[in-house]
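The stops below are given in the order in which they may be selected.

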Amino acid sequence: MESREHAIVVGGSMAGLLAARVLTDHFAQVTLLERDTYPDGPDDRPGVAQGRHLHVLWNHGLGLLEGLFPGLEREFVERGVPDLRLPADILWLTSQGWRKRFDGVSRLLTFSRGMLDHVVRARLFERENLTVRTGVEVTELTASRGNRVVTGVRWRERGAHAVAQSLEADLVVDATGRSSRAPEWLAKLGRPFPDETRIDPLLGYASRRFAVPEGFEADWRALYLQAGAPTHKRTGGLFPLEDGTWLCSLSGAGRDYPATDDDGFLAFARGLRHPVLYDAIKNAEPLTPIVSYRHTAGHRRHYERMRDWPAGFAAIGDSVCAFNPIYGQGMTVAARSALELGRMLAEDRSTRWFQQRAKRAGAGAWLISTGEDRRYSDTQGPPVRAHTRALNAAVDHAVRAANVDPVVCGRLIDALGLGVEPTALFRPAMLRRIAASRSVPLPDGPPAEIPAPRERTADAKAG
């Protein structure tokens, strides 16, 4: 890249924020363009469609963000973000039974999306060479040299009578997510629409915050009750947030969507594979309305196959590859992709090279999420091949072993969190542990019903 004067990032959600952070190390000026407006505090915003649902950050992803924003982890903890020991703090029903609650295996941060974005934005906006423009939308790319080099964008303020303006840049990064219009922008430059793989488990979420019932006692800090494919399609999670409340997220595949009315939400929770989550929330005070989200299809736009990729343009995050959000891998992939963007600039590589690396950054997450999604006969997508069925059978053995063996458990969690490649589960030493674990009995689950919260005494009420 001949000049490093100005870079534009289109889209200011997590992938865009992380891309902007990396670009500020390499360009004199970076401009972030976002359609939405940002709240002043750690609040939800309309531009993050799934923002009010459960968000977690696996240990590997936390390390990547800490590398980009040193001290970020400490700030999260100071703001009250729960730091859970895995799996010690979680009552975890896997597809293969209950997991023994080993200590010292891994960790997980759980927070509201508003808190996560607010803290990252605040750290990013401290950088002096960053300009942020909100309430604007990009309409197309501009280009030169026979449309071989992208030179900037055309944008306008959101509104009926807005006038389009041009903004030049040496690099434009599309981070507009699932709704990205990059294929249309590239078509205007004479590029064919990219090949796309789409896998849709027809899965929907419903989420609600609850106050922890007064007097509630349990030996767990979070609940995670996974589906049992292919017959049982429902998953439920109950996790603590930074304000001391619970966030309950329910999901169902194959159009077994959770209801959004009070009675229906509780009935869906009662239909999970164990009643422990239902028992926890049935007497809890709801703090928010029930919100739903059903746009969970995975898509992979194969930009890496386009030989005539324009210089000066890159696509990142969900714009390239989006996953079923239930696996909590999107932010980690966004961070990995942002680091590859930095590598592209440090090594003076082409943007076409970057699209190859963006594919690799999301390959493990794509393999894990689509492999799980395709366990259900209702899932829409290409035919399921024999190797996918064989891989799923091998994963079942690994999950079962992880329920009783802390070493396998640690490796499995690392794979889910993208700290190691999924193939690390099937190396010889790990396969021996998996085989040896088959004769180890699984731990017993909790009682069929947990005690209701105890009532306060008359004296306590009076005081």
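Select Leu 202, which is in the loop between β13 (196-199) and β14 (204-211); strands are DSSP runs of E of at least two residues, helices runs of H or I of at least four, both numbered from the N terminus. The model is predicted: local features need pLDDT of at least 70, side-chain atom pairs count only at pLDDT 80 or more, and totals for chains, interfaces and linings use all residues. Residues are numbered from 1 along each chain as its sequence is written, and side-chain values use heavy atoms, without hydrogens and water.

Most residues other than glycine have a negative phi, and most peptide bonds are trans. Leu 202 has a positive phi, near 55°, and is buried at 8% relative accessibility (buried is under 20% relative accessible area, exposed over 50%, partly exposed in between; 1.4 Å probe, protein chains only).

Next, select Arg 255, in the loop between β17 (246-252) and α6 (262-270). Its phi is also positive, about 65°, but Arg 255 is exposed, with a relative accessible area of 53%.

Proceed to Pro 87, in the loop between β4 (83-86) and β5 (90-94). The peptide bond from Leu 86 to Pro 87 is cis, with omega near -10°. Then select Pro 230, in the loop between β15 (222-225) and β16 (234-240); the bond from Ala 229 to Pro 230 is cis, with omega near 5°.

**A helix contact**

Finally, select α10 and α11. Ala 398, Val 399, Ala 401 and Ala 402 in α10 meet Val 408, Cys 409 and Leu 412 in α11 (contact means heavy atoms within 4.5 Å). Cys 409 is buried, with a relative accessible area of 0%.
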